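I opened the model to look up side-chain pairings and packing. My notes are kept in the order of the searches.

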Amino acid sequence: APPGARVPAGAPRQVTAGQLRERGNALFQAGDHAAALAAYTQALSLCDAEPERAVLHRNRAACYLKLEDYAKAEADASKAIEADGRDMKALFRRSQALQKLGRLDQAVSDLQRCVSLEPKNKAFQEALRALGSSMHEKMKTMSCTDSKVEQMFQILLDPEEKDVDKKQKAAQNLIVLAREEAGAEKIFQSDGVRLLTQLLDTAKADLMLAALRTLVGLCSGHRSRTMAILVELGAPRLSAVLGVEHEQVSLAACNLLHVMFDSLKEGLQKDFRGKEDAVVLDSSKDLKLLIKHLLELLALEGASAHGRDNALNLLIKVVPRKSPKETNNTLSLWVIDQGLKKILEVGSTVCGAPGSLPVTENSRMSASVLLSKLYDDLKCDAERENFHHLCEDYVRSWFEGHELAGKLRAIQTVSCLLQGPSDAGNRVLELEGIMDSVLSLCASVCEAHQLVAVEALIHAADKAKRASFITANGVSLLKEIYKHSERDSIRIRALVGLCKLGSAGGTDFSMKQFAEGSTMKLAKQCRKWLCNETIDAGTRRWAVEGLAYLTFDADVKEEFVEDKAAMQAMFHLAKSEDRSVLYAVASTLVNCTNSYDHEEPDPQMLELAKYAKQHIPEQHPKDKPDFVKRRVRKLLTAGVVSALSCMVKSENPALTNSCRELISRVFLALVEEAEDRGGVVAQGGGKALIPLSLEGTEVGQTKAAQALAKITITSNPEMAFPGERIYEVVRPLVSLLHLQRTGLENFEGLMALTNLAGISERLRQKILKEKAVPMIEGYMFEEHELIRLAATECMCNMAMSKEVQELFLAEGSDRLKLMVLYSGEEDEKLRRAASGTLAMLTALHPPICKRIPQVTVHWLEILQALLLSPSAELQHRGAVVVMNMMAAEREVAEQLIASEMLEILSVLAKDKDKP
């Protein structure tokens with residue numbers, strides 16, 4: 001019955017609590033702990049008898065322990081103990097949960113109760129001994145820590161102490177101590193926050209760094225401590241430290257604020273619940289207070305340029321929702337109302353203008369990224385309309401009544417918006433007088449004014465709404481500037497504008513915008529500027545922007561990969577401090593490797609298009625696979641992998657999700673050929689692909705995961721992903737098994753997981769934890785023979801795990817039947833994989849031997865066919881299965897002897913040609 005509905009008296013319930021409990025037990029045994037939990041919970045809703053409810057609570061506690069939800073495990077075990085104080089299983093489970101929650105004294109009490117109830121139980125004794133020694137160590141550490149904390153602060157705060165090494169050692173010890181929960185709590189309880197505040201107020205960089213890094217340890221994952229520290233330090237002081245000139249101190253303050261935001265948002269992780277259960281903590285006010293001060297810092301003239309960048313980066317990380325599944329976007333709405341104009345203050349800064357804010361080459365790009373993320377976080381038209389109005393009001397406020405300086409600020413704001421939320425950029429571009437001012441200032445004799453206008457024209461050029469207007473009005477102007485300007489900084493930007501307009505046809509060979517050869521001339525000039533080290537990096541970045549558009553043309557791609565100096569110069573820029581070049585570099589490489597999406601047109605549709613005299617896209621002859629393969633080789637030789645790896649390490653907002661996707665596309669193209677994969681791994685490609693496969697757009701993550709799969713299939717995974725890194729590869733590979741992925745992605749994911757599953761039990765456990773087994777089973781029914789084979793081979797390696805072996809015995813499952821039937825298929829490779837799985841299962845899990853005759857009447861003829869096969873491998877597998885079945889069960893052995901099996905085995909034994 002649905003919730004709240006009345007069940008008529010005497011009407012039978014469809015499922016009883018007992019049946020649901022049995023189902024839960026079977027699911028738990030099969031390793032599906034979440035489903036088992038659901039079954040037990042449903043059983044509880046149908047059960048009134050106290051003893052049965054206690055058992056269900058105890059079983060739920062076991063599920064919660066497996067699912068690592070220790071608070072709920074403790075709560076359920078406690079309910080079971082309330083019903084029966086002698087329930088040893090519940091006591092033991094509660095002790096395990098309490099240990100994980102850090103309440104060791106209570107965990108010991110439960111274990112002592114277990115030992116008193118069953119003194120001879122070795123598991124209880126061993127658990128109590130281990131817990132006792134761990135508590136002893138903790139007490140020892142705590143007592144030593146007391147005097148150490150005091151001593152370290154004395155050394156650091158003593159103005160008479162001149163020994164620099166001694167001070168450095170004390171600072172380092174304090175930081176290390178704060179990383180452990182016991183040490184962090186000790187510092188906190190020993191008036192540490194006040195003393196750390198004194199260190200911050202010394203204004204000495206080394207002492208400030210020590211204080212900030214220690215505070216990171218105190219705040220990590222501990223909300224109540226973070227809130228207390230915030231009250232003691234005060235948001236204004238933290239904001240001021242973020243804005244200092246010393247770059248390392250500003251970065252350390254940024255790191256501390258990020259940790260504080262995470263702790264305030266995510267709540268109690270390391271807290272000892274016993275102390276704080278009664279306290280209701282509301283951190284939303286503290287969050288908003290910190291964000292308010294960050295927003296004020298943006299427009300503060302006294303703040304340093306890198307402090308401003310760090311504030312923008314923090315806002316990007318902590319304000320917008322991480323996922324559309326989160327419904328609450330109130331923080332973004334609050335930031336837009338309170339601080340949009342402050343963010344635009346940074347975006348509208350004209351470098352070198354009187355009274356302009358100090359900014360770096362990355363500041364305006366960071367402002368654009370933040371604006372874009374805030375805009376993307378809006379959920380309805382009314383919210384977006386408010387955003388547009390605020391942007392339009394800001395632009396108007398500068399454009400009207402502020403003479404030339406105001407017009408420049410307004411145009412710079414337009415550029416910032418066009419690079420971020422382009423819808424908002426297009427809206428302000430259409431305001432009266434803006435476009436006319438851009439065009440007129442392009443002809444200005446003042447270099448700074450001309451730069452602002454030309455950049456705005458460039459950013460407007462690839463926005464669909466304005467492109468035709470600019471093609472009509474701007475091309476002749478840009479050509480004029482390019483030909484006659486004496487300043488390279490202006491000419492290079494004019495060139496990029498022409499490149500954008502000239503590449504409007506994309507990769508369509510038949511849609512050339514300029515006369516034959518013009519594109520090649522523009523590209524040659526871009527490469528020349530790119531290689532000219534006398535020009536500053538900020539200007540040379542524009543040469544890469546130009547190539548990002550011009551490399552749609554295959555002739556340009558071919559010339560670019562032949563110019564080793566130009567490639568090296570671009571890679572060098574990609575590794576530089578100016579991260580705003582990342583997207584342009586990634587776009588150029590996507591074009592050179594042809595790793596953009598291109599669908600093969602349907603021949604019938606082509607004929608129809610020709611008949612209707614519609615335009616038909618044409619592929620350039622030099623974009624054919626052989627040319628692409630040669631270009632990839634040249635990029636690899638030039639060192640593209642180390643450049644890409646360096647780009648991925650960037651913590652800068654310029655590494656947007658779309659930029660990550662482009663890098664993933666390039667990596668996938670680089671590992672297309674098996675012989676290139678070793679080189680890609682050796683230069684750090686394997687390591688770089690893991691974060692790309694876990695964060696970014698869905699397409700980007702899938703491309704990176706597929707590249708990881710290709711590497712895992714043909715390389716030794718333990719060498720390609722050394723140490724713990726191999727375990728990080730599992731999740732991306734499992735993501736390739738989802739139904740929305742292509743057949744090729746499914747196949748490569750299965751092949752890669754097969755390799756990993758054959759390495760170690762720990763890897764198989766990781767694959768199980770990622771819930772891959774049901775998906776692998778699903779693909780064993782796939783129509784495509786290669787996918788079906790890959791899934792069966794993967795299951796063969798997974799069958800080495802005890803949990804997987806148990807699945808083949810689960811009631812109502814056809815897993816074993818399918819494996820037996822596949823052993824009799826015509827496809828020899830499939831037979832080999834299936835019979836190999838049977839050989840493994842019957843050897844490792846004898847109860848399966850008894851089940852085989854029950855799953856299909858054809859079992860005997862399938863085994864006989866394996867033994868009579870011309871393939872020695874199949875004969876061997878068949879012989880192993882028969883041997884295991886003979887040894888496992890008398891009844892099965894009798895059935896085998898009664899058949900023709902003995903005669904077949906006798907014939908095989910006499911065959912001297914077979915080993």
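The entries below cover conventions, aromatic pairs, charges and cores.

**Conventions.** I am working with a predicted model, in which local features need pLDDT of at least 70 and side-chain atom pairs count only at pLDDT 80 or more, while totals for chains, interfaces and linings use all residues. Residues are numbered from 1 along each chain as its sequence is written, and side-chain values use heavy atoms, with hydrogens and water left out.

**Aromatic pairs.** I searched the whole structure and got three aromatic pairs (ring centres of Phe, Tyr and Trp, the last by its six-membered ring, within 6.5 Å; planes under 30 degrees apart are stacked, over 60 edge-to-face, the rest tilted). I noted Tyr 482 with Trp 529, edge-to-face at 6.4 Å between centres and 75 degrees between planes. Tyr 482 is in helix α26 (residues 475–484) and Trp 529 in helix α28 (residues 518–531), so the pair ties together parts 47 residues apart in sequence. Helices here are DSSP runs of H or I, at least four residues, numbered from the N terminus. Tyr 482 is buried at 15% relative accessible area, and Trp 529 is buried at 3% (buried is under 20%, exposed over 50%, partly exposed in between; 1.4 Å probe, protein chains only).

**Salt bridges.** I counted 42 salt bridges (a side-chain nitrogen of Lys or Arg within 4 Å of a carboxyl oxygen of Asp or Glu). Glu 181 and Arg 225 form one of them, with the closest N and O atoms 3.2 Å apart. This pair links helix α9 (residues 181–189) to helix α12 (residues 223–233), 44 residues apart. Glu 181 is buried at 19%, and Arg 225 is buried at 2%. I also logged Arg 527 with Glu 559, at 3.4 Å from N to O. Arg 527 lies in helix α28 and Glu 559 in helix α30 (residues 554–562), so parts 32 residues apart in sequence are tied together. Arg 527 is buried at 10%, whereas Glu 559 is partly exposed at 33%.

**A buried charge without a partner.** Which side chain of opposite charge is nearest to Arg 831? I found Glu 828, 6.4 Å away; Arg 831 is buried yet has no salt bridge (Lys and Arg count as positive, Asp and Glu as negative; His and chain ends are not counted). Arg 831 lies in helix α49 (residues 828–844).

**Cores.** The largest nonpolar core has 252 residues, and Ile 663, Phe 667 and Leu 670 have the most contacts inside it (a core is a set of buried Ala, Val, Leu, Ile, Met, Phe, Trp, Tyr and Cys joined through side-chain atoms within 4.5 Å). Apart from that core I found another of 16 residues, including Tyr 40 and Tyr 64.

How values were computed. Helices (H or I, at least four residues) and strands (E, at least two) are DSSP runs, numbered from the N terminus.
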